Amino acid sequence: MEEAHSVNSPRRVLSFSKRKKQKPFGFQDSDSTRSSPFRASHVQGPKPSEVYGFVGSISTVVATLIFLIWAYVPDKLLESIGIHYYPSRYWVLAMPTYLMVTLLLGLAFYIGLNFIATPHPTSLNTLFDEYSREPGEIDSQMEEGDESPIDPISDIDITRINDLMFNSSDVM
């Protein structure tokens with residue numbers, strides 16, 4: 001719980017109390033050796049992922065604004081404010097088009113790789129793998145005389161599933 005005289009800061013909690021907590025000998029930190037009346041909690045600064053996200057969002061907005069200014073402001077106005085070196089106006093349409101085509105081809109490539117990696121529907125690999133167990137198999141840790149209150153986890157045979165799904169008159 002926070003002390004009665006404290007200030008909440010976005011980065012840390014500052015305490016105005018003159019009391020200093022006694023720490024065991026040998027566990028002194030750099031904050032306890034200072035003579036400042038303001039004591040900081042052990043909360044560190046922002047996480048690197050937050051900083052990268054903030055910088056990334058700000059740089060995206062700035063890059064978009066620069067792109068829109070370059071795309072819509074006439075050449076004479078750009079040259080009058082001292083900007084003489086900029087890409088051709090061809091890239092105003094070509095850059096977003098190339099980007100979108102690259103994204104769509106990447107998506108098509110990803111879907112194609114998934115189709116290649118998926119076994120054929122009639123393959124037995126879609127029904128059985130190295131973790132498949134038949135209902136009759138006994139766990140190696142259980143002894144023969146032990147009673148099991150719950151049946152061990154196993155796969156249900158595909159013929160049983162088909163009977164349950166498609167032959168509704170023979171349910172259980």
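**View 1. Two annotated spans in a predicted model.** In this predicted model, residues 51-73 are 96% helix and 0% strand, and the C-alpha atoms at the ends of the span lie 33 Å apart. For residues 93-113, the end C-alpha atoms are 30 Å apart, with 100% helix and 0% strand. What name does UniProt give to these two stretches? Its unreviewed entry places the feature "transmembrane region" at both of them, residues 51-73 and 93-113.

**View 2. Where helix H1 meets helix H3.** To describe two packed helices, we use the angle between their axes and the distance between those axes. Here the axes of H1 (residues 48-72) and H3 (residues 90-117) come within 9 Å and cross at roughly 140°. Look for Phe67, Trp70 and Ala71 on H1, which make the contact with Trp91, Val92, Met95 and Pro96 on H3. Sorted by class, the contact has seven nonpolar residues, with no polar and no charged ones.

**View 3. A salt bridge between Asp75 and Arg89.** Side chains of opposite charge can pair when their charged atoms come close. In the pair shown here, the closest N and O atoms of Asp75 and Arg89 are 2.7 Å apart. Asp75 sits in helix H2 (residues 75-80) and Arg89 in the loop between H2 and H3, so their pairing ties together parts 14 residues apart in sequence. A search of the whole structure finds one salt bridge.

**View 4. How exposed are Asp75 and Arg89?** Asp75 has a relative accessibility of 35%, so it counts as partly exposed. Arg89 is also partly exposed, and its relative accessible area is 28%.

Notes: Residues are numbered from 1 along each chain as its sequence is written. This is a predicted model: local features need pLDDT of at least 70, side-chain atom pairs count only at pLDDT 80 or more; totals for chains, interfaces and linings use all residues. Side-chain values use heavy atoms; hydrogens and water are left out. UniProt positions are given in the numbering used here, feature names are shortened, and annotations may be inferred rather than shown by experiment. Helices (H or I, at least four residues) and strands (E, at least two) are DSSP runs, numbered from the N terminus. Axes are lines fitted to C-alpha atoms, for helices over the stretch in contact, and angles run from 0 to 180 degrees between N-to-C directions. Contact means heavy atoms within 4.5 Å. Ala, Val, Leu, Ile, Met, Phe, Trp, Tyr, Cys and Pro count as nonpolar, Asp, Glu, Lys and Arg as charged, and the others, Gly among them, as polar. A salt bridge is a side-chain nitrogen of Lys or Arg within 4 Å of a carboxyl oxygen of Asp or Glu. Buried means under 20% relative accessible area, exposed over 50%, partly exposed in between (1.4 Å probe, protein chains only).
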